[in-house]
Amino acid sequence: FIQMLRSAKKRDVLQLLRRAPEEMLPFVVEAAVAAQSVASLAALSDFLDFGKEPKSLLEKFLYAAAFSPRPSGELLRLVLDKLDGKRLAPEVWETGIIAVGSLVGKLCRQKLCGLQEVERGVETILAGLRGAEEEPEVVVYLLALGNAGHPETIPTLLDYAEEGPTAVATAAISALRRFPAWHISSKVKRAMRRIFHGKRKSYEKTCRLAAAEMLLDNEPSPMDVLNILLATNELETETATFLLLKVQNSLRADHHPARKIMKDIMRDPRINNYNFFSKAGVSSSFSGPLTVTQDLLSTFGLDLLFLEGGLLRKSVSDFSLLSRGRWLRAAQVTIEAQGMESMLGENLLEGEEEPELMAGMSAIFFDVQLRPIVFFQGYTDLMAKVLLSSGEPTSVVKGNLLLMDHHQVIPLQSGLQVAIKLQGGLGLDISADMDVSIWEQELKTSVNTRGSLAIDFQAELDAPFLQATLRSQTEVETSIHFDTLLRFSGSPVLMCLQLREEQVPYR
């Protein structure tokens, strides 16, 4: 369908969009974005009215743009023009800003950072950040800067990381963690040390842990590793348990940048002993390989951070790929719940501010940070969700994306030429749900991921006396469900984790 659209005129694409049945329209819009021809982008510009179209269709258009494997300046300009000066639904505006960040990052990786559209995109995000008043707005702009990965925005992110409230600081550190190691300068590391050790003010545990992970994951100095390990003696049991398990994981991972330094430090018996590593918390951090070949390492990681009273504060499930020195975060889903302590009569630690009752989720797919989803915010909202729950999971992202788009002509020694085309499309449906039962004192979370990948490869030799074509098509479908059930009616808190993978058909 994409190949057909690439050879179509604007008039034909526009007619297709206008005449498509309602259930097929999102598919046609996604394909027109993926085609990225002058005609298809012009047709989309005429067809999409951001004041009238349903939110779901506009989000589909914006996510299709965000996931585009090799976007053009024209695609970024189209997105910016559609967002410019319009009063939009909050979900559409947030998705749009996230998409602008992703497009800026991908154009810069294509060495197109000097484009006028890229500069306009960065300025749009920064201007929005300066004018944002509500905390959730600020968080979305910071995550968009993480998608953009623009080195000039690092000082801005550092300011928010050190000075912002918990949610803002965590989002800023999360954005900084998306930058490659060569951009993590000594200035960034000094700021992370100040946050972890609480030099300027008292930071919430999730901020401190994010800062520690940032230091450990970016060519740490032996002193950094040593100070982080020694600091676990002063931390709460759960935070210390989590951090020590992080360190042990990096020791087991051959590819981890801190592994050699950790091994050297572990020769010191004052640190590498049972007393030091035997924290009695229930928090956990696990990471291990799923597939190991000569060219590819795929890993699965699961982090679970609990509060001292046994409630789940944060869970992160992560599927990553490492190939030829480059990391790709294929899927990372984070579920957070905060402020539950006071509801269950737990005492806060001295000097710790009471966080607002909130539960939400954020996700990264194929290195694109998606718009955060809030399950509930505040006690009133929680009660409304508990009493009026529809039982329907919240959709995070659903649609068809072009992931690979490669065309190359290879000259052979014989003087002939081979044209190679490779395209890969992904159908994705991710939903999440969080269910809190005050009466039964249970907390359930579930993340459901369904995907199908189709890859089309064609090699063509075309000469006056000979024509040959080699074609291969590959399809794979998979479905992964990750559920957690937490029962806090008694002590100790009971928890059940379940990762279900349905049979994978491969054709």
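Trainee: How many residue pairs are in polar contact between domain 2 and domain 3?

Mentor: This is a predicted model, in which local features need pLDDT of at least 70, side-chain atom pairs count only at pLDDT 80 or more, and totals for chains, interfaces and linings use all residues. Residues are numbered from 1 along each chain as its sequence is written, and side-chain values use heavy atoms, with hydrogens and water left out. A polar contact is a pair of N or O atoms within 3.5 Å; within protein, one must be able to donate a hydrogen and the other to accept it, and residues adjacent in sequence count only if both atoms are side-chain atoms. Between domain 2 and domain 3, with both residues at pLDDT 80 or more, the count is 0.

Trainee: By class, which residues make up the side of domain 2 that touches domain 3?

Mentor: Ala, Val, Leu, Ile, Met, Phe, Trp, Tyr, Cys and Pro count as nonpolar; Asp, Glu, Lys and Arg count as charged; the others, Gly among them, count as polar. On that side of domain 2 the tally is 26 nonpolar, 3 polar and 1 charged.

Trainee: What share of the area buried between domain 2 and domain 3 comes from carbon and sulfur atoms?

Mentor: Buried area is the accessible area (1.4 Å probe) that two parts lose on being put together, summed over both. For domain 2 and domain 3 the total is about 2100 Å². Carbon and sulfur atoms give 92%.

Trainee: Is Ser285 buried or exposed?

Mentor: Buried means under 20% relative accessible area, exposed over 50%, partly exposed in between (1.4 Å probe, protein chains only). Ser285 has 6% relative accessibility, so Ser285 counts as buried.

Trainee: Which side chain does the side chain of Ser285 join in a polar contact?

Mentor: Ser285 lies in strand 1, residues 284-292; strands (E, at least two residues) and helices (H or I, at least four) are DSSP runs, numbered from the N terminus. Contact means heavy atoms within 4.5 Å. Not counting residues up to four places away in sequence, Ser285 touches Phe242, Leu245, Lys246, Asn249, Leu302 and Asp303. The polar contact, at 2.9 Å, is with Asp303.

Trainee: Which side chain is in polar contact with that of Arg178?

Mentor: Arg178 sits in the loop between helix 11 (166-176) and helix 12 (186-196). Beyond four places in sequence, the residues Arg178 touches include Gly146, Asn147, Arg329 and Asp367. The side-chain polar contact, at 3.1 Å, is with Asn147.
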